Amino acid sequence: MVAANRYQLQVDPILERFKEHLHYRSQQNQLGKVSDQVTINRYTRLLAELGIYYLNAKQYDRGLSYILDSLEYSIRIKSDNGMLRCMGIFEQFRQYASEEIQKRYNEFIRDVQKLSVYAWSPLV
């Protein structure tokens, strides 16, 4: 997806063909189970790249939905970079967000604020 976004490739037929594989599940290799943190981190990045792909294709609801899915996983794994990336992308395309998408985004922002309340609380 990174290459598709970077080089503006149209990969809809490929996404359609592999749509069953675009859902999160634990991974395993010959050495054993791959860390869930690694797997979720990769999945979070995939969701963001899918979002960017659909936003570039002007499929705003679909793209923003993937961005919010990525934000949800970024919050779950407490990935500051992931959260900032998703929030930045969302703000760029906020004008295209439906009311439902904006409501979902606002709920995630509250979750982000809960995570950072201790980081930003002044010592008294």
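Trainee: What does the secondary structure of the protein chain come to?
Mentor: In this predicted model, the protein chain has six helices and two strands. Read from the N terminus, the elements run α-α-β-β-α-α-α-α.

Trainee: And how many of the residues are buried?
Mentor: Buried residues make up 36% of the 124 residues in the protein chain. The accessible surface comes to about 8700 Å², and 51% of that belongs to carbon and sulfur atoms.

Trainee: Let's take a single residue. Why is Asn-5 called buried?
Mentor: The cut-off for buried is under 20% relative accessible area. Asn-5 has 14%, so Asn-5 counts as buried. Asn-5 belongs to helix α1, residues 2-6.

Trainee: Which residues does Asn-5 touch, apart from those up to four places away in sequence?
Mentor: Asn-5 touches Glu-49, Ile-52, Tyr-53 and Asn-56. There is also Tyr-54, 49 residues from Asn-5 in sequence, with 9.5 Å between the two C-alpha atoms.

Trainee: What makes Glu-49 buried?
Mentor: Use the cut-off again: Glu-49 has a relative accessible area of 8%, which is under 20%, so Glu-49 is buried. Glu-49 is part of helix α3. Beyond its neighbours within four places in sequence, Glu-49 is in contact with Met-1, Val-2 and Asn-5.

Trainee: Now the rings. Why is the pair of Tyr-53 and Tyr-54 called edge-to-face?
Mentor: There are seven aromatic pairs by the rule used here. For Tyr-53 and Tyr-54, the ring centres are 5.2 Å apart, within the 6.5 Å limit, so the rings pair. Their planes meet at 75°, which is over 60, so the pair is edge-to-face. Both tyrosines, Tyr-53 and Tyr-54, are buried.

Trainee: What makes Phe-90 and Tyr-105 a stacked pair?
Mentor: Their centres are 3.8 Å apart and there are 10° between the planes. Stacked requires planes under 30 degrees apart, so these two rings qualify. The pair links distant parts of the chain, with Phe-90 in helix α5 (residues 80-92) and Tyr-105 in helix α6 (residues 99-120), 15 residues apart. Both Phe-90 and Tyr-105 are buried.

Trainee: Which residues form one aromatic cluster?
Mentor: Tyr-53, Tyr-54 and Tyr-66 form one cluster.

Trainee: How do you know that the charged end of Arg-76 sits over the ring of Tyr-73?
Mentor: The charged end of Arg-76 is 4.4 Å from the centre of the Tyr-73 ring.

Trainee: What makes Lys-58 count as exposed?
Mentor: Exposed needs over 50%, and Lys-58 has 61% relative accessibility, so Lys-58 is exposed. Lys-58 is in the loop between α3 (36-56) and α4. Although Lys-58 is not a glycine, its phi is positive, about 65°.

Trainee: And why is Lys-78 called exposed?
Mentor: The relative accessible area of Lys-78 is 56%, again over 50%, so Lys-78 is exposed. Lys-78 is found in the loop between α4 and α5. Lys-78 has a positive phi near 55°, and this residue is not a glycine either.

Definitions and conventions:
Residues are numbered from 1 along each chain as its sequence is written. This is a predicted model: local features need pLDDT of at least 70, side-chain atom pairs count only at pLDDT 80 or more; totals for chains, interfaces and linings use all residues. Side-chain values use heavy atoms; hydrogens and water are left out. Helices (H or I, at least four residues) and strands (E, at least two) are DSSP runs, numbered from the N terminus. Buried means under 20% relative accessible area, exposed over 50%, partly exposed in between (1.4 Å probe, protein chains only). Contact means heavy atoms within 4.5 Å. Accessible areas come from the Shrake-Rupley method with a 1.4 Å probe; for residues, only the protein chains shown count as cover. Rings of Phe, Tyr and Trp (its six-membered ring) pair if their centres lie within 6.5 Å; planes under 30 degrees apart count as stacked, over 60 as edge-to-face and the rest as tilted. A charge sits over a ring if NZ of Lys or CZ of Arg is within 6 Å of the ring centre and within 35 degrees of the ring normal.
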